[in-house]
Amino acid sequence: MAFLLVGLVTLGAAVITVTTKQLVHAALWLVVALGGLAVEYLLLTAEFIAWVQVLIYVGSVVVLLLFGLMLTRAPIGRSPDADSGNRPIALAVALAAAAALVWVVVDAFRTTVIDLDGAAQGSTHVTGSILFRHWVLPFEALSVLLLAALVGAIVLSRKKAAQDRAAQDQEDNR
């Protein structure tokens, strides 16, 4: 019952994240959605994955997103630019992507048998061995991508500040 309740709260937070017109509120609702996923992992007794979810996604990615919003001087309040009017198309694409993901997951795990005699699947030992054997390169690529996004946000904010100063200097010279 708790799993279902937390799942519904997480789904609600995710829907609010993508439907709100205020960028900062979207980032904060993203924190709620990602935190709900961490609670779901705890309920599945995958404590290591839950802590990774909190430390990496809730901690790092959301902080990076908020820094990006601040550095690029994105509007804090309601943003009419955030709504393009393509909501029906976006909803259709989202539903098609969700259906495809559900189909792929169900098809992939239809015949999966869980070995209950071995180490627990959510344990740190099993998760660490899988991560460091198969997923090291994607994690490193993601860290480089996040660093590039942060550097890009800083470059964009500095260009805008330099252009604003140049425009102010031209007005002062007139």
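Mentor: Let us begin with Gln53. Gln53 touches Leu34, Leu37, Ala38, Tyr41 and Val58, with residues up to four places away in sequence not counted. A contact here means heavy atoms within 4.5 Å. The model is predicted, so local features need pLDDT of at least 70 and side-chain atom pairs count only at pLDDT 80 or more, whereas totals for chains, interfaces and linings use all residues. Residues are numbered from 1 along each chain as its sequence is written, and side-chain values use heavy atoms, with hydrogens and water left out.

Trainee: Why is Gln53 called buried?

Mentor: The relative accessible area of Gln53 is 7%. Buried means under 20%, exposed over 50%, and partly exposed in between (1.4 Å probe, protein chains only). Gln53 is therefore classed as buried. Gln53 lies in helix H3, where the buried residues are Ala50, Gln53, Val62, Leu64, Gly68 and Leu69.

Trainee: What makes Val63 partly exposed?

Mentor: Val63, also in helix H3, has a relative accessible area of 40%, so the label is partly exposed. The C-alpha atoms of Val63 and Val31 are 9.7 Å apart in space, although 32 residues separate the two in sequence.

Trainee: What makes a stretch a helix, and how does the span of H3 compare with the expected one?

Mentor: Helices are DSSP runs of H or I of at least four residues, strands are runs of E of at least two, and both are numbered from the N terminus. The expected span of a helix is 1.5 Å times one less than its number of residues. H3 has 25 residues and reaches 34 Å from its first C-alpha to its last, close to the expected 36 Å. H2, with 21 residues, reaches 30 Å, close to the 30 Å expected.

Trainee: Why is H2 described as roughly antiparallel to H3?

Mentor: The axes of helix H2 (residues 23-43) and helix H3 (residues 47-71) come within 8 Å and cross at roughly 175 degrees. That angle makes H2 roughly antiparallel to H3. Axes are lines fitted to C-alpha atoms, for helices over the stretch in contact, and angles run from 0 to 180 degrees between N-to-C directions. Angles under 35 degrees count as roughly parallel, over 145 as roughly antiparallel, 65 to 115 as roughly perpendicular, and the rest as oblique.

Trainee: How do the residues of the contact of H2 with H3 divide?

Mentor: They comprise 19 nonpolar, two polar and one charged. Ala, Val, Leu, Ile, Met, Phe, Trp, Tyr, Cys and Pro count as nonpolar, Asp, Glu, Lys and Arg as charged, and the others, Gly among them, as polar.

Trainee: Against which helices do the buried residues of H2 pack?

Mentor: They pack against H1 and H3. Among the buried residues of H2 are Ala33, Gly36 and Glu40. Thr10, which lies in helix H1, is in contact with Ala33, Gly36 and Leu37, leaving aside its neighbours within four places in sequence. Thr10 is itself buried, because its relative accessible area is 10%.

Trainee: What makes Thr45 exposed, and what is its phi?

Mentor: Thr45 has a relative accessibility of 52% and therefore counts as exposed. Its place is in the loop between H2 and H3. Its phi is positive, about 60 degrees, although Thr45 is not a glycine. Most residues other than glycine have a negative phi.

Trainee: Why does Leu131 count as buried?

Mentor: The relative accessibility of Leu131 is 19%, so the label buried applies. Leu131 is found in helix H5 (residues 124-134) and touches Phe48, Val136 and Phe139, not counting residues up to four places away in sequence.

Trainee: Which elements have the lowest and highest mean pLDDT?

Mentor: Helix H6 (residues 136-173) has the lowest, 78, and helix H1 (residues 2-19) the highest, 92. pLDDT is the predictor's confidence in each residue, from 0 to 100. The protein chain averages 81, and 86% of the residues score at least 70. Where pLDDT is low, the predicted coordinates should not be read in detail.

Trainee: What is the secondary structure of the protein chain as a whole?

Mentor: It comes to six helices and zero strands. Buried residues make up 16% of the 174 residues.
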